[in-house]
Amino acid sequence: MNGNNPYAGAPGVVDAGRPEDVDLSVAQVRELRTAVAGIVSRTQAYLPEGYAVGSELSYGANGPQATVAVRPPAGRPVSAGFTPDEEDLESGLTDEDRDEVARGLAASAALQVMNTVGDGLTPTAR
């Protein structure tokens, strides 16, 4: 069975499943945190009280990953995740990109509530 596994082989010989080491500078980490915090605050601005919005930064197989999630008062949570490439880390995320993600999350969260409660609900997103 090991022959069918891409991770098989002697340690140090087969690197099929190992992610590349990504070292972010302090400025790049700060920029990524600022971008994600901006998406969180913009998403909160589109939604009324009762919606919980949060974020998480992690390092996955493809490098740094950012996730912003919204838990609506009813229905399933929604999230948006992205893995910025080196160019995005250098130049930063544009305001248009941040607004697009925030609007999409707010709309998806409001839709979750509407689908859960039914047709008799007035839209909650502003």
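These entries record what I looked up in a predicted model.

**Ground rules.** I number residues from 1 along each chain as its sequence is written. The model is predicted, so I take local features at pLDDT of at least 70 and side-chain atom pairs at pLDDT 80 or more, while totals for chains, interfaces and linings use all residues, and side-chain values use heavy atoms without hydrogens or water.

**Sheet.** I traced an open sheet of three strands, ordered E1-E2-E3, with antiparallel pairing. Strands (E, at least two residues) and helices (H or I, at least four) are DSSP runs numbered from the N terminus; two strands pair if DSSP finds at least two bridges between them. E1 (52-60) and E3 are the edges; each has a single partner strand, so one side of each lacks a neighbour in the sheet.

**Hairpin.** I found five bridges between E2 (residues 63-71) and E3 (residues 78-82). Thr67 stands opposite Gly81 in E3. Six residues lie between the strands of this hairpin, and Gly75 there has a positive phi near 100°.

**Helices on the sheet.** I looked at H1 (residues 26-46) next: H1 lies across E1, E2 and E3, at about 155° to E1. H3 lies across E2 and E3, at about 155° to E3. Axes are lines fitted to C-alpha atoms, for helices over the stretch in contact (heavy atoms within 4.5 Å), and angles run from 0 to 180 degrees between N-to-C directions.

**Arg98.** I placed Arg98 in H3 (residues 95-117). Arg98 is buried at 11% relative accessible area (buried is under 20%, exposed over 50%, partly exposed in between; 1.4 Å probe, protein chains only). Beyond four places in sequence, Arg98 touches Glu31, Thr34, Ala35, Ile39, Arg42 and Leu93.
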